[in-house]
Amino acid sequence: MPFEYVWKLGYSSNTILPPSLSNNYTKPGMKRGDNSYFRCFVTDKNGCSRESSPRTKVDIQYPPYYASLTAIKPAVCLNNMASLRCYASGNPRTVTLVLYSGGQVLASSTNDYTATLQFNSTTAGTHTYVCKTNNSAGIGVNASRTMITQAPPQITGITVNQTIAEGSRLVLECNTSGSDPMTITWKKVGGSAFPSGKNVTFESLTTADQGAYECTASNGNECPVSKLQTYVHVLYKPRRTSITVSNSTVCLNDLVQLECTTEADPPATHYHFYVNDQLIQSSSSSRIQMNSTIEGNNTYRCQPGNTVGLGENATVFMNTKAPPNITWLPPNQSIAEGSTVLFPCNVTGSDPMKIVWKNVRVNSSYPIGHHLKFQSLMRSHDGVYECSASNGNECPLVSSSTYINVLYQPEITKSPKSTLTLFENGTINLNCKAHGNPAPNITWTRGSDVVGRGEILVLEKEQSAQGVYVCIASNGVGVNARANSNVVVKICENFCQQNNTCIRQGSTQSCDCRKGLTGRYCEKDDPMGKKFSIKVVLVSPAWKDQ
């Protein structure tokens with residue numbers, strides 16, 4: 001009984017081919033898409049059927065018919081590892097992938113469908129890479145791709161460290177090598193960046209421009225950037241200058257110190273010192289000493305300099321005082337009491353001047369001023385007077401003195417007793433003292449006669465003239481001083497014998513003896529007392545000498 005054969009395709013036998021009385025199935029021109037599973041089902045005419053097994057797989061083998069080549073990165077840095085992924089579709093799927101460039105094999109791999117091929121990129125530029133494929137079924141199609149190998153940025157030259165003066169023009173240059181496009185940037189270390197470019201130009205340098213500058217070269221993310229630094233040292237003239245003096249107020253010809261401080265790079269090497277814009281000294285030292293020789297409020301100026309040039313000035317004021325000098329003081333003078341006195345003290349020197357008069361003896365001062373004045377001079381004003389002049393603590397005080405000798409008229413300080421008695425064989429002293437200036441002379445008078453000089457007048461019996469004795473003190477000033485003493489002379493009064501009385505005879509005194517007595521005290525008999533005398537009067541005689 002003949003059988004009927006039905007072939008079904010697919011793993012699930014979804015596709016049914018037309019029935020056939022032949023147990024063979026022939027399909028001409030099988031292609032790579034014709035791979036499938038086949039099953040044969042057999043039936044008889046009675047409708048009995050049974051399944052044929054097992055399934056039969058038909059595998060169509062073919063060389064790679066599709067290939068692709070992709071870059072892991074579109075560009076790579078020189079001498080770095082590059083990676084390309086090659087994919088090939090064929091059957092069997094195990095394929096051999098070979099990477100070429102410029103006819104040289106760079107890498108190969110046998111794998112299923114795809115492989116990542118790595119190689120060292122040793123030549124800069126844009127290169128075409130080809131992936132050749134094959135499997136056991138034959139040689140397949142190729143895949144190609146271009147990829148860039150970049151030469152890394154390299155700074156080949158940069159402006160060397162610069163030491164340059166402020167205000168100068170400076171160009172910083174950064175030369176590079178490496179693949180384009182190359183980006184070159186400058187920035188100040190710790191500061192801001194400049195616009196891109198190989199050069200940075202400073203038209204006029206300032207000290208703010210001093211510092212380190214970094215050049216950075218880059219040409220993408222594939223290669224590391226290149227960096228190099230240079231340093232700009234900006235020299236500048238002295239600035240922020242100041243000047244100080246040891247004292248703001250001094251005395252003429254005092255030694256003073258001026259000190260000039262400044263900020264400069266390089267440091268200041270010389271200093272010019274001026275007074276009222278006149279150069280007084282140039283020095284390599286910032287500190288000088290000098291004598292202050294110009295009186296008044298003077299301007300002192302310092303101007304420092306260095307190799308860059310002269311720097312900023314600084315000024316300070318210093319007041320130089322002329323010391324007090326007493327140019328004239330009245331000489332020692334003798335002046336009468338009661339006089340008006342005006343003594344000037346002439347002084348030169350810087351104001352404000354303080355002039356003080358002082359009585360040295362009593363250490364008392366008078367109102368401040370040029371003149372010593374007494375409206376009515378008194379003897380208590382007698383003494384040495386000192387005029388002192390000062391105009392501050394800077395100059396020494398000066399002084400000079402004169403003497404006022406106050407003259408005043410005599411005054412009796414001790415008068416003789418108003419009444420004195422001089423007895424026989426006795427003496428009395430008349431005492432008279434006086435003071436005055438100058439010291440008075442004392443003269444004793446009785447009547448119009450000068451009878452003595454000096455403080456003591458001694459009267460003895462031989463000088464027994466009684467009367468008023470006057471002490472006169474005189475010194476040529478004012479009115480003479482006088483003192484009187486009435487002297488009563490009793491030389492014989494207590495000695496006259498026989499009750500005879502004492503009488504004055506001329507300048508002396510003696511006893512008035514009765515007849516028959518004689519002697520000073522009538523103590524003797526007088527032989528002549530018993531005689532008589534005749535008084536003869538001649539009236540116009542003719543008298544001739546014999």
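Residues are numbered from 1 along each chain as its sequence is written, and side-chain values use heavy atoms, with hydrogens and water left out. Because the model is predicted, local features need pLDDT of at least 70 and side-chain atom pairs count only at pLDDT 80 or more, whereas totals for chains, interfaces and linings use all residues.

Seven disulfides are found in a search of the whole structure, a disulfide being a pair of cysteine sulfur atoms within 2.5 Å. One of them joins Cys86 to Cys131, with an S to S distance of 1.8 Å. The torsion about this S-S bond is about -95°, so the disulfide of Cys86 and Cys131 is left-handed. Cys86 lies in strand β8 and Cys131 in strand β12 (residues 125-135), so the pair ties together parts that are 45 residues apart in sequence. Strands (E, at least two residues) are DSSP runs, numbered from the N terminus. Both Cys86 and Cys131 are buried, where buried means under 20% relative accessible area, exposed over 50%, and partly exposed in between (1.4 Å probe, protein chains only).

Another disulfide links Cys174 and Cys215 (S to S 2.0 Å) and is left-handed, with -85° about the S-S bond. Cys174 is in strand β16 (residues 170-177) and Cys215 in strand β19 (residues 211-218), 41 residues apart. Cys174 is buried at a relative accessible area of 1%, and Cys215 is buried at 0%. In the disulfide of Cys432 and Cys471 the sulfur atoms are 1.9 Å apart; with -80° about the S-S bond, this link is also left-handed. Cys432 lies in the loop between β38 (428-431) and β39 (433-437) and Cys471 in strand β43 (residues 467-474), so parts 39 residues apart in sequence are tied together. Cys432 and Cys471 are both buried.

Ten aromatic pairs are found in the whole structure, with rings of Phe, Tyr and Trp (its six-membered ring) taken to pair if their centres lie within 6.5 Å. Tyr66, Tyr87 and Tyr113 form one aromatic cluster. Tyr87, in strand β8 (residues 81-91), is partly exposed at a relative accessible area of 32%. Together with Tyr65 and Tyr66, Tyr87 also forms a nonpolar surface patch with about 300 Å² of accessible area. Such a patch joins nonpolar side chains (Val, Leu, Ile, Met, Phe, Trp, Tyr) within 5 Å, from residues with over 30% relative accessible area and no salt bridge.

Two arginines lie over tyrosine rings, under the rule that CZ of Arg is within 6 Å of the ring centre and within 35 degrees of the ring normal. The charged end of Arg239 is 4.1 Å from the ring centre of Tyr236, and Arg301 is 4.0 Å from that of Tyr274.

The count of salt bridges comes to eleven, each a side-chain nitrogen of Lys or Arg within 4 Å of a carboxyl oxygen of Asp or Glu. Among them, Glu173 meets Lys198 (3.5 Å, N to O), linking strand β16 to the loop between β17 (183-188) and β18 (199-202). Arg379 forms salt bridges with Glu337 (3.0 Å, N to O) and with Glu411, the closest N and O atoms being 3.2 Å apart in the latter. Glu411 is in strand β36 (residues 398-414) and Arg379 in the loop between β34 and β35, 32 residues apart. Arg379 is partly exposed at 28% relative accessible area. A network of salt bridges links Arg239, Arg240 and Glu263.

Key
Patch = residues over 30% accessible without salt bridge, like charges linked within 9 Å, V, L, I, M, F, W, Y side chains within 5 Å. Areas by Shrake-Rupley, 256 points an atom, 1.4 Å probe, with all protein chains shown as cover. Helix = DSSP H or I, 4+ residues; strand = E, 2+ residues; numbered from the N terminus. Phe/Tyr/Trp six-rings, centres within 6.5 Å; stacked < 30°, edge-to-face > 60°.
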